[in-house]
Amino acid sequence: MANRITLKNVRLSYANLFEPRPSDPNNPDSPLKYSTSLIILKDHPQIEYLEACIKEAAEAKFGTKADAVLKKGSPLRDGDEERDGDPAYANAYFLNTSSKRKPQVVDRQLNHILDESEIWSGCYVNISVAFFGYDVSGNKGVGVGLNNVQLFKEGERLGGAPNAEEEFEAMDDDDDDVLS
């Protein structure tokens with residue numbers, strides 16, 4: 001089994017795919033990374049395989065201690081527990097991904113998406129991620145590397161500002177009455 005998986009039809013949240021940002025929002029000097037959180041429904045057909053990939057990465061790094069490391073914290077987290085009250089995370093898991101390398105972002109026909117207004121938090125994607133064990137300053141776990149992203153379909157925006165189309169109506173050029 002590979003430590004890489006292409007997840008199909010999962011939802012983007014906190015999508016940061018076009019410009020790197022500090023990996024620690026509380027420390028502007030932290031390394032710059034591209035990142036996104038993935039919302040994956042609990043009945044998603046790839047959950048078992050995803051869990052197996054995570055376990056394999058833990059076993060490759062920690063051997064017989066892999067289960068103990070994963071008990072302290074799997075990268076696959078429960079949205080009902082950790083994001084209680086957020087309807088986007090209801091009946092779902094989430095997985096945080098990041099990379100120092102800019103991911104390629106493509107549409108359904110594999111055309112590169114260069115304009116970040118074409119893909120946003122709330123869109124559904126196919127996404128390639130890789131799992132790796134880490135042990136840094138006593139902090140042990142399995143990380144999730146962000147590889148590449150394919151837009152599967154648009155979705156309702158999560159958080160942030162609404163679209164202008166949702167707030168305004170089209171006006172005629174001679175429409176000067178601002179109060180009607």
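The protein carries 20 positive and 32 negative side chains, and the centres of these two sets are 17 Å apart. These values, like those that follow, come from a predicted model. Confidence in the model averages a pLDDT of 92, and 93% of the residues score at least 70. Among the elements, strand S5 (residues 105-106) has the highest mean pLDDT, 98, whereas helix H4 (residues 164-167) has the lowest, 76.

A look at the overall fold comes next. Four helices and seven strands are present in the protein, and along the sequence they follow the pattern β-β-α-α-β-α-β-β-β-β-α. The C-alpha trace spans about 75 × 35 × 35 Å along its principal axes. Of the 180 residues, 37% are buried.

In soluble globular proteins, nonpolar side chains tend to be buried together. Here, the largest nonpolar core contains 34 residues, and Leu7, Leu50, Ile119 and Phe131 have the most contacts inside it. Two or more residues of this core come from each of strand S1 (4-24), strand S2 (27-41), helix H1 (47-62), helix H2 (66-72), strand S4 (92-99), strand S6 (124-136) and strand S7 (139-153). Apart from this core lies another, of five residues, including Ala88, Tyr89, Ala92 and Phe94. Beyond its neighbours within four places in sequence, Leu7 contacts Leu38, Ile40, Gln46, Leu50, Leu95, Val125, Asn126, Ile127 and Val129.

Pro75 provides a view from a loop, as this residue is found between H2 and strand S3 (76-78). Pro75 counts as buried because its relative accessible area is 11%, under the 20% cut-off. Leaving out residues up to four places away in sequence, Pro75 touches Ile54, Leu70, Phe94, Leu95, Asn96, Val142 and Val144. Tyr93, 18 residues from Pro75 in sequence, has its C-alpha 9.8 Å from that of Pro75.

Phe152 belongs to strand S7. With 27% relative accessibility, Phe152 falls between the 20% and 50% cut-offs and is therefore partly exposed. Its contacts, apart from neighbours within four places in sequence, are with Asn9, Arg108, Tyr124, Val125 and Asn126. Gln104 is 48 residues from Phe152 along the chain, and the C-alpha atoms of Phe152 and Gln104 are separated by 14 Å.

Asn9, one of the residues in contact with Phe152, is found in strand S1. Its phi is positive, about 55°, although Asn9 is not a glycine. At 32% relative accessibility, Asn9 counts as partly exposed.

Ser137 also has a positive phi without being a glycine, in this case about 50°. Ser137 lies in the loop between S6 and S7. Its relative accessibility is 79%, over the 50% cut-off, so Ser137 counts as exposed.

Technical notes
Residues numbered from 1 in each chain as written. Predicted model: local features only at pLDDT ≥ 70, side-chain atom pairs only at ≥ 80, totals over all residues. Heavy atoms only, no water. Buried < 20%, exposed > 50% of the residue type's maximum accessible area, 1.4 Å probe, protein only. Lys, Arg positive; Asp, Glu negative; His and termini not counted. Charge placed at Lys NZ, Arg CZ, Asp CG, Glu CD. Core = buried A, V, L, I, M, F, W, Y, C linked by side-chain atoms within 4.5 Å. Contact = heavy atoms within 4.5 Å. pLDDT = per-residue confidence, 0-100.
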